[in-house]
Amino acid sequence: MNLAIRNSIKSFIVRYKNRAVATINWLGDYGMHWFMKEFIVGREFQGQMIGTFLYRFSENFMKSTLKENWKVCIDLRASKGQEGFYRSLGFQIVSEKETGSGMEKMPGEE
Ligand SMILES: CC(C)(COP(=O)(O)OP(=O)(O)OC[C@H]1O[C@@H](n2cnc3c(N)ncnc32)[C@H](O)[C@@H]1OP(=O)(O)O)[C@@H](O)C(=O)NCCC(=O)NCCS
């Protein structure tokens, strides 16, 4: 996990009394795509809009890197039950009909 976070392109962290209480980590190309990796708000800090703040801060950062008329696509994998939260941030579930299916593979487990 530490290695994965260190190698994220961009990480934002919320600290409280010098302790990291929330983080969001991204892979992105500063052009067309950003992909959300870990997004975690400490249990006792959840439900206080910290997640919303971290996400909006990230999105504003991404927008700030775009040149005029560029468009960016932000992708994520919602944990089961979190879809409502991401809808509140403006995300839509991609439908197979419109965009084709998301696909993945874990090498060695097939
Ligand atoms: C998901 C997570 C990042 C949200 O962060 P948070 O700081 O708790 O969320 P916020 O306080 O900003 O919530 C904002 C709004 O989304 C709603 N919301 C939060 N989680 C939700 C869920 N699972 N389903 C529907 N709505 C949800 C909140 O009720 C709130 O709505 P309101 O303003 O109408 O009250 C956080 O709960 C978390 O870390 N969970 C465990 C790890 C995890 O699942 N991470 C995501 C991996 S995909």
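How many bridges join E2 to E3, and in which sense do the two strands run? I opened the notebook with this point and found six bridges, with the strands running antiparallel. I note at the outset that the model is predicted.

**Entry 1: the chain as a whole**

I looked up the overall make-up of the protein chain and recorded four helices and four strands. Read along the sequence, these elements follow the pattern α-β-β-β-α-β-α-α. I then checked the extent of the chain: its C-alpha atoms fill a box of roughly 45 × 45 × 30 Å along the principal axes. Of its 110 residues, 11% count as buried. I also looked at contacts between residues at least 6 apart in sequence, and 38% of these join residues at least 24 apart.

**Entry 2: strands E1 and E2**

I turned next to strand E1, residues 10–16, and strand E2, residues 19–28. They pair in the antiparallel sense over seven bridges. As one example of a partner, I noted that Ile13 is bridged to Thr23 in E2. The hairpin of E1 and E2 has two residues between the strands, and there Lys17 takes a positive phi near 50°.

**Entry 3: strands E2 and E3**

I returned to the pairing of E2 with E3 and looked for an individual position. Gly28 stands opposite Trp34 in E3. These two strands also form a hairpin, with four residues between them. In its turn I found Tyr30, which has a positive phi of about 60°.

**Entry 4: Ser64**

Is Ser64 buried or exposed? I first placed Ser64 in helix H2. I recorded Ser64 as exposed because it has 7 C-beta neighbours inside 10 Å, and the cut-off for an exposed residue is 12 or fewer. Ser64 and Tyr30 are 34 residues apart in sequence, and their C-alpha atoms are 9.9 Å apart in space.

**Entry 5: the ligand**

Which residues are closest to the ligand? I counted 17 residues around the ligand, and the closest are Gln46, Gly51, Thr52, Gly84 and Phe85. I then asked where the shell comes from in the chain. Strand E3 (33–41), helix H2 (50–64) and helix H3 (83–88) each supply at least two of its residues. Sorted by class, the shell holds seven nonpolar and 10 polar residues, and no charged ones.

Methods
Residues are numbered from 1 along each chain as its sequence is written. This is a predicted model: local features need pLDDT of at least 70, side-chain atom pairs count only at pLDDT 80 or more; totals for chains, interfaces and linings use all residues. A residue is near a molecule or strand if its C-beta atom, placed from the backbone, lies within 6 Å of it. Ala, Val, Leu, Ile, Met, Phe, Trp, Tyr, Cys and Pro count as nonpolar, Asp, Glu, Lys and Arg as charged, and the others, Gly among them, as polar. A residue is buried if 20 or more other C-beta atoms lie within 10 Å of its own, exposed if 12 or fewer, and partly exposed in between; C-beta atoms are placed from the backbone. Two residues are in contact if their C-beta atoms, placed from the backbone, lie within 7 Å. Two strands pair if DSSP finds at least two bridges between them.
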